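Me: I'm new to this one. Can you walk me through a few spots?

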Amino acid sequence: MTRRAEIIVTGSELLSGMQETNSTFLAERLTLSGLELKSITIVGDREEEIHDTLKRDLERSDTIIITGGLGPTEDDLARKTIAKVLGKRLVLEEDILESIKAYFRERDREMPKSYQRQALIPFGAKVIENRIGTAPGFFIEYKNSIIISLPGPPREMRAMFLSIEPILKNRYKNKKTCILKIIRTCGLPESMINESLKDIFKADDNTDIGMVSTEFGTDIRIMGHGIKEKDVLTSIRLIEEKIRERLGEYIYGTGTESLELVIGRLLREKAIKISIAESCTGGLITHRVTNIPGSSNYFERGVVCYSNKSKVEILNVPANLIKEYSSVSKEVAVAMAEGIRKIGRTDLGLAVTGIAGPTGGRDGKPIGLVYIALVTPGITDCKDYRFISDREGIKTQASQMALDILRRYLINL
């Protein structure tokens, strides 16, 4: 086998600028399965384009993944086109049809007749269950290749792919082992991380090390590959130890760990409760904290005090403090944190105030200026930042740094 893979993403909307994320996820997972990705192709909802692309990919690769085109409408053409390329007929799977009907019954709705189309799959294909939506996926072997067809919605596609990923790994067992380790950092620019780790990046021929910078921080990706899993894990561990030694507390997690997950674990372990007051972030920090299951164990309350009036009335920030220093100041940020901690009767009070833009900047108070305050029984800490991005980006960066300030406090208790 060539052990090459292809990704075909269908959807005319993707050719008009709509963001596409499925291929990014799949590319990483295929690499971890020991496959070489040959290409990623985006095609519109046109049968001839899907047909020609699939025929081309079957001639040069043994694993083809197609996303999209499994819905109930006329322009959902994946199942029909796959069957035509393989010379298979479409068959109605009664079990699938019943599960789709049950999906609608549970929501007290009658299944539209068009959804019956989703119960059709090529003869000989095996169904991939969809536990989130209605469109099942399927996979089918053809000569020396395997074709995997998955729905387009990212949440559905990811869950379904992970459910059948072991099939791919078993298909290519005893081949090259690929293991990815992601180390997540916050608070240190990518350029400084690069300067600190530049000699490690050239470690050996069995590992590839790279960085991905986002508004949440910089992720360091260590991809190890080799024949024996034990040797690959050892190589990765040695490199990770060197990275941790140099970056220290700038590292907050690994893999898919988010900062909110990390601080949630720390708050729970230390039996500490927190309340949050937000201005420029508009509730984003509270949203992230409460996205973690079990957050009620450590999160008491959060308020969005956007106007000066609300800061005075809800958080008891002295009006003269705002008048003297402005609402975007260290003094007001601290008063907000003290106010929410007192109102919530919690161990910690966290507050954020700033200018997210694109307007509102002035002399001494530029767009992107954000103050983050953390108040504890014995400590009052406030830091100021100058974030550079658009409005949404500044809010995201501010929420990340607020959570990181909290994390650093908790790990040093």
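Reply: Start with glycine 87, which follows H3 and has a positive phi, near 70°. Helices are DSSP runs of H or I, at least four residues, and strands are runs of E, at least two, numbered from the N terminus. This is a predicted model: local features need pLDDT of at least 70, side-chain atom pairs count only at pLDDT 80 or more, and totals for chains, interfaces and linings use all residues. Residues are numbered from 1 along each chain as its sequence is written, and side-chain values use heavy atoms, with hydrogens and water left out.

Me: How many of the nine residues of helix H3 are buried?

Reply: Seven, so helix H3 (residues 78-86) is largely enclosed by the rest of the structure. Buried means under 20% relative accessible area, exposed over 50%, partly exposed in between (1.4 Å probe, protein chains only).

Me: Which ones in H3 are buried?

Reply: Ala78, Arg79, Thr81, Ile82, Ala83, Val85 and Leu86.

Me: And what covers the buried residues of H3?

Reply: The cover includes helix H2 (47-60), strand S3 (63-67) and strand S8 (145-150).

Me: New topic. Where is serine 327?

Reply: In the loop between helix H11 (319-325) and helix H12 (330-344).

Me: Is serine 327 buried or exposed?

Reply: Buried, because its relative accessible area is 18%. Leaving aside neighbours within four places in sequence, serine 327 is in contact (heavy atoms within 4.5 Å) with Asn308, Lys311, Ile322, Val332 and Thr353.

Me: What about serine 213? Which residues does it touch?

Reply: Glu190 and Thr218, not counting residues up to four places away in sequence. Serine 213 lies in strand S10 (residues 207-214) and is partly exposed, at 44% relative accessible area.
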